[in-house]
Amino acid sequence: MRPDILTKIEGYDRVVRERETCRKYGTDFSVERGAVEEYVRRLHPDRMHLKVAEIIEETPSAKTFRLVSPNGPLPPFQAGQYVCVYCDIGSVRTGRPYSLSSPPGHRGYYDITVKAVEDGFVSDHLLNDIRRGDILETSGPEGHFHFNPILHDRALVLLAGGSGVTPFMSMIRESLESGLERTFWLFHGDREPGEAMFREELERLAARFTNLRYIPVIENPSPGYGGACGYITADLIRREIGDAAGKTFFICGPGEMYRFCIPEILSLEVPAGKIRREVFGPPKSISRSPGWPVEVREDDRFIVSVKGGKSIPAKAGEPLLVALERGGIVIPSLCRSGECSQCRLKLLAGRVYQPEGTPVRRSDRQHGYIHSCAAYPLEDLEILL
Ligand SMILES: Cc1cc2nc3c(=O)[nH]c(=O)nc-3n(C[C@H](O)[C@H](O)[C@H](O)COP(=O)(O)OP(=O)(O)OC[C@H]3O[C@@H](n4cnc5c(N)ncnc54)[C@H](O)[C@@H]3O)c2cc1C
Ligand code: FES
């Protein structure tokens, strides 16, 4: 039944006429052409150009860069995801992933928090050369290191090493701000007390919310330091969380941290499937990884020939992707930790070392594909891009 009041709405006759035409001849979707692609691009952009609106000094060695878009709200993301920041440093074009530390509910900006590393290349550039008002080129939000309500428990044990706390800041801020039903134990390992990023905020939040327990763990404490010291051990975890059953573990930090912490977590009888991990970049010294051939030294040098292209020098101790970029060859990259497969290329000749567990698809392995961000030359190579 058509209420008469509708007929009085402006444009009513036109809508009825259009509906009749569509019924008779079908709908013309050509006017919508490109609209879906445009929508998808806005939600999952390949590249963004974001302005540095603010730079916040977190500790003497870490800064938060608050990034805004000239086009209004930023694409949605899941707490725990990262963006890759692309930059040109001298003649080298490269990128590095940085987790978003702001909560997803704040769509007006993204925060990334960058910590200085020894001999850092991109971190050094960001911390020393980037100013308020500069534009950073980034990917859209990426990655799978986030809470999944179907797979994960609502009791979450978070283990962070150094800057590995950033994705957890996003998760904790989101949950506490939005009153989500989740409980967190955050263990944050750092070398010195002054290096622990977000410490004041986390202490404040832990004092206010009963569903957050914050446990900083300091490797080299000053005399008289009263908190937990050394490494994040099974004993410490058990003391804080009690029974590990019904809890999901998230671990994020440098590769060295995994070698110590994963066996500790497993010793608490946590099933491997309940441990989610994100590795923050390549290990400092790859030759200490299991399976590295003893006869190859990290500073051994080789030649990498690109089929139909140029030849470049490469070092055994550096990921092949770094050698390519240093040699002026830019290929797609995103996670730089072997996960996303953007940097895959075909190895035609020669041997590389790929750390155990690098997730190269079986069919890729069979056809000689490698992830160049997690592949280290062991002799001269020929590759196909
Ligand atoms: C998913 C993910 C999220 C991350 N989130 C964060 C985060 O929130 N905060 C954070 O601080 N870090 C984060 N990281 C780590 C971050 O991506 C970088 O690895 C870190 O900032 C160190 O980068 P760097 O370039 O300074 O040092 P490295 O990555 O150690 O770079 C040094 C490398 O650059 C090479 N290099 C040096 N000089 C040159 C040159 N002239 N040309 C070419 N190559 C050169 C060196 O050989 C060496 O391999 C994250 C990593 C991952 C994987
Ligand atoms: S850049 Fe993601 S696998 Fe290499």
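How many bridges join strand β1 to β2, and in which sense do the two strands run? In this predicted model, 7 bridges join β1 (residues 48-59) to β2, and the strands run antiparallel. A hairpin connects β1 to β2 through 2 residues. Within this pair, Glu54 stands opposite Arg66 of β2. Strand β2 (residues 62-68) also pairs with β5, again in the antiparallel sense, over 6 bridges. Here Thr64 has Thr113 in β5 as its bridge partner. Strand β2 is mostly covered, with 5 of its 7 residues buried.

The overall layout was examined next. The protein has 10 helices and 19 strands. Its C-alpha atoms fill a box of roughly 85 × 60 × 45 Å, taken along the principal axes. Of its 385 residues, 34% count as buried. Contacts between residues at least 6 apart in sequence were also counted. Among them, 69% join residues at least 24 apart.

A second group of strands pairs in the parallel sense. Strands of a sheet pair through backbone hydrogen bonds, either parallel or antiparallel. In this case 6 strands form an open sheet, in the order β10-β9-β8-β7-β11-β12, and the pairing is parallel. Strands β10 (228-229) and β12 (275-279) stand at the edges. Each has a single partner strand, so one side of each is left without a neighbour in the sheet. Strand β7 (residues 155-161) pairs with β11 (residues 248-253) over 5 bridges. In this pairing, Ala160 stands opposite Cys252 of β11. Helix α8 (residues 255-266) packs on the sheet and touches β7, β8 (183-190), β11 and β12. The direction of α8 makes about 170° with that of β12.

The nonpolar interior was then traced. In soluble globular proteins, nonpolar side chains tend to be buried together. The largest nonpolar core of the model has 58 residues. Those with the most contacts inside this core are Leu158, Leu159, Phe168, Leu186 and Phe187. Strand β7 gives the largest share of the core, 5 residues. Leaving aside residues up to four places away in sequence, Leu159 touches Phe187, Ile232, Phe249, Ile251 and Cys261. Another core, of 17 residues, lies apart from the largest one. Its members include Ala316, Cys373, Tyr376 and Ile383.

Thr233 lies in the loop between β10 and α7 (234-241). This residue has 16 C-beta neighbours inside 10 Å, so Thr233 counts as partly exposed. A residue is buried at 20 or more such neighbours and exposed at 12 or fewer. Thr233 and Gly189 are 44 residues apart in sequence. In space, their C-alpha atoms are 11 Å apart.

Helix α2 (residues 12-25) was checked for length and cover. At 1.5 Å a residue, its 14 residues should span 20 Å. The end C-alpha atoms of α2 are 20 Å apart, which agrees. The number of buried residues among these 14 is 0, so α2 lies largely in the open. Just after α2, Gly26 takes a positive phi of about 95°.

How values were computed: Residues numbered from 1 in each chain as written. Chains lettered and ligands numbered in written order. Predicted model: local features only at pLDDT ≥ 70, side-chain atom pairs only at ≥ 80, totals over all residues. Pairing = 2+ DSSP bridges. Helix = DSSP H or I, 4+ residues; strand = E, 2+ residues; numbered from the N terminus. Contact = placed C-beta atoms within 7 Å. Axes fitted to C-alpha atoms, helices over the stretch in contact; angles between N-to-C directions. Core = buried A, V, L, I, M, F, W, Y, C linked by C-beta atoms within 7 Å. Expected span 1.5 Å × (residues − 1).
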